Amino acid sequence: MGRHNGFTLVELLVVIMILGTLLAMAVPRYAGFREQLRKTAMKANVVEAQKAVELFHLNQGHYPDDFYEDGAGAYFDGGDFAAEKLGKLPINPWTGREMDPDEFNPEDYDRQEDAYNTDENGPNDFSGYYPGEIVYGVWEPGGAVHPVVYGLVGIGMAGMSVRDFDQDDNAVIFVRHN
């Protein structure tokens, strides 16, 4: 009798089972990888917002009280403060669309050192916002006309502040400040 070229049903089932096992291991890693990329993009957006705030300070001589009401958004690329033209805002990594001015939320700090706090459950550990938003916190000492300290915090997964974890698995909030 002649030999038939091809695979037996058992061989095909073994290959399919191996591929299924590999795929089952890869899919959760892919989901975690996508979330990590979004978090990294959010950090880049916060850095862009920090550059806009610092350019505002350089040109106006003070920090804005409110990120958009004072026109700091004009200091993104393509903006013009004198013409009150808003610059190109960063892309929200969760929606894939350009951020809206409403996605920059003002907050007030109780103390100056709150702007630098990176602790979990600290003054920069926000929740209740939407992923991709940025919180612009300011501290204005009594009698001051404008804030002297600011902090920027990006909002990540589940509407909470973007965080990393140290060697002891404690959360560390990602904050940019002056």
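The exercises below, each with a worked solution, concern aromatic pairs, a sheet and the nonpolar cores of a predicted model.

**Exercise 1.** Determine how the rings of phenylalanine 56 and phenylalanine 81 are arranged, and which parts of the chain they join.

Solution. The model holds 12 aromatic pairs. In the pair of phenylalanine 56 and phenylalanine 81, the ring centres are 5.8 Å apart and the planes stand at 80 degrees. Because planes over 60 degrees apart count as edge-to-face, the pair of phenylalanine 56 and phenylalanine 81 is edge-to-face. Phenylalanine 56 belongs to helix α1 (residues 9-60) and phenylalanine 81 to the loop between α1 and β1 (104-108), so the pair ties together parts 25 residues apart in sequence. As for accessibility, phenylalanine 56 has a relative accessible area of 2% and is buried, whereas phenylalanine 81, at 30%, counts as partly exposed.

**Exercise 2.** Work out the strand order of the four-stranded sheet, and state which strands stand at its edges.

Solution. The sheet is open, with the order β1-β2-β3-β6 and mixed pairing. β1 and β6 (175-177) have a single partner strand each and stand at the edges, so one side of each is left without a neighbour in the sheet. On average, and with direction ignored, neighbouring strands of this sheet are turned by 25 degrees against each other. Three bridges join β3 and β6 in the antiparallel sense, and glycine 151 has histidine 177 of β6 as its bridge partner.

**Exercise 3.** Identify which residues of the largest nonpolar core touch the most other members, and which element gives the most to this core.

Solution. Among the 23 residues of this core, those touching the most other members are Phe67, Phe76, Phe104, Ile134, Tyr136 and Leu152. At least two residues come from each of α1, β2 (134-139) and β3, and α1 gives the most, with six residues. Leaving aside residues up to four places away in sequence, phenylalanine 67 touches Ala49, Ala52, Val53, Ala72, Gly73, Phe76, Phe104 and Tyr136. Another core, of seven residues, lies apart from the largest one and includes Phe126, Val153, Ile173 and Val175.

Terms used: Residues are numbered from 1 along each chain as its sequence is written. This is a predicted model: local features need pLDDT of at least 70, side-chain atom pairs count only at pLDDT 80 or more; totals for chains, interfaces and linings use all residues. Side-chain values use heavy atoms; hydrogens and water are left out. Rings of Phe, Tyr and Trp (its six-membered ring) pair if their centres lie within 6.5 Å; planes under 30 degrees apart count as stacked, over 60 as edge-to-face and the rest as tilted. Buried means under 20% relative accessible area, exposed over 50%, partly exposed in between (1.4 Å probe, protein chains only). Two strands pair if DSSP finds at least two bridges between them. Axes are lines fitted to C-alpha atoms, for helices over the stretch in contact, and angles run from 0 to 180 degrees between N-to-C directions. A nonpolar core is a set of buried Ala, Val, Leu, Ile, Met, Phe, Trp, Tyr and Cys residues joined through side-chain atoms within 4.5 Å. Contact means heavy atoms within 4.5 Å.
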